[in-house]
Amino acid sequence: MIDLLDPIDLHLLDGWQRDLPIVPRPFARVAREAGCGEEEVIRRLAAMKESGRITRVGATCAPNTVSASTLAALSAPEEAIEDVAEIVGRQPGVNHSYLRENRWNLWFVATGPDRGHVDKVLDAIRTETGLDVLDLPILRPFNIDLGFRLNKEMDRPPAPRPVRLACLREGDNDLLQALSTGLPICERPYGKIAERLGRSEADVLERVADLQDAGIISRLGVIVRHRALGWRSNAMVVWDIAPERVAAAGPVLAAQPGVTLCYERRPVPGVWPFRLYSMIHAQSRNKALEVLSKAAQLPELEGVRHDALFSSRCFKQTGAMISRQGVAA
């Protein structure tokens, strides 16, 4: 799939998954580097969104800073997967939902303006499905930046900026909700958001820059659909590691080539013992298993039991729910 992409499309996907210009006409600046016109960039991004190659051009926020979230899972009977996935997907704030190879087969992320909202979502799913739900909140991120180049060996993610919550001001949550839902793909996208929020374009640009500098916006750019672009062998690898080993193992695992996400989550004693999580995105199952084999040989992970949960289907992938008025699009 990557080999079949138009070179300009590939440039837009590879070069702008982060650091989208925070200027009145960002796509004009993107166009200069792509060697084409602003209208062409807008047309191509809109077409890739329409075709499902990208979900949006927008922001992702550092977890549990301006909103609450958790990774959750349930064990759906095979004959009821479609119905259960529909129940999960319609809950306000569920922004990711995948079918994975495990007894706990339906995995999703629930987001909301606070933990109370997330708890209500999980309770609603338990009630409507009659199934137990694993609640696995994040404890410590080691890499949460899923942006990586598609046409070459994966680059190491940038070091996360320290998060400075003192930077937050009134109105920022509504702005972050708009950015997470997605920028309008037009000449002046920040101006369109400003108009919608009843603010000035200059004010929005200043706040976006400040929120990115403060680490609250962890990534601003093109959010791709990896499966639609040929990266179909995606595995969530879970590691049953002792708590005292996580601090040493996490950063090393996060830096391993081919590992695209890495974080510590709270286990469920007696039910789900896994504490360290890593994502592997690859173009084939064999390549994903090669990455996993090398990771398992790291001294910091010596002897650690692990399991690879390959995804077989994506039911939902959108931006997070942040503000009380916001709903993940």
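Over the face of which residue does Arg 285 lie? You'll find the answer in the fourth legend.

Before you zoom in, note that this is a predicted model, where local features need pLDDT of at least 70, side-chain atom pairs count only at pLDDT 80 or more, and totals for chains, interfaces and linings use all residues. Residues are numbered from 1 along each chain as its sequence is written, and side-chain values use heavy atoms, with hydrogens and water left out.

**Close-up 1. Helix 1 and its cover.** Helix 1 spans residues 7–15; helices (H or I, at least four residues) and strands (E, at least two) are DSSP runs, numbered from the N terminus. Asp 9, Leu 10, Leu 12, Leu 13 and Asp 14 are buried here, and buried means under 20% relative accessible area, with exposed over 50% and partly exposed in between (1.4 Å probe, protein chains only). Their cover includes helix 2 (26–34), helix 3 (38–51), strand 1 (54–61) and strand 7 (217–224).

**Close-up 2. Ser 97 in strand 3.** Look for Ser 97 in strand 3, residues 94–100. Ser 97 counts as buried because its relative accessibility is 0%. Leaving aside residues up to four places away in sequence, Ser 97 touches Val 88, Leu 106, Trp 107, Phe 108, Arg 313, Cys 314, Phe 315 and Lys 316; a contact means heavy atoms within 4.5 Å.

**Close-up 3. An aromatic cluster.** Trp 107, Trp 272 and Phe 274 make up one aromatic cluster. The structure holds three aromatic pairs; rings of Phe, Tyr and Trp (its six-membered ring) pair if their centres lie within 6.5 Å, and planes under 30 degrees apart count as stacked, over 60 as edge-to-face and the rest as tilted.

**Close-up 4. Arginines over rings.** Here's the answer: Arg 285 lies over the face of Phe 310, 4.0 Å from the ring centre. In another spot, the charged end of Arg 265 sits over the ring of Tyr 277, at 6.0 Å from its centre. A charge sits over a ring if NZ of Lys or CZ of Arg is within 6 Å of the ring centre and within 35 degrees of the ring normal.

**Close-up 5. Two loop residues with positive phi.** Asp 19 lies in the loop between helix 1 and helix 2, and its phi is near 60°, a positive value in a residue other than glycine. Asn 64, in the loop between strand 1 and strand 2 (68–74), has a positive phi near 55°. With a relative accessible area of 35%, Asn 64 is partly exposed.
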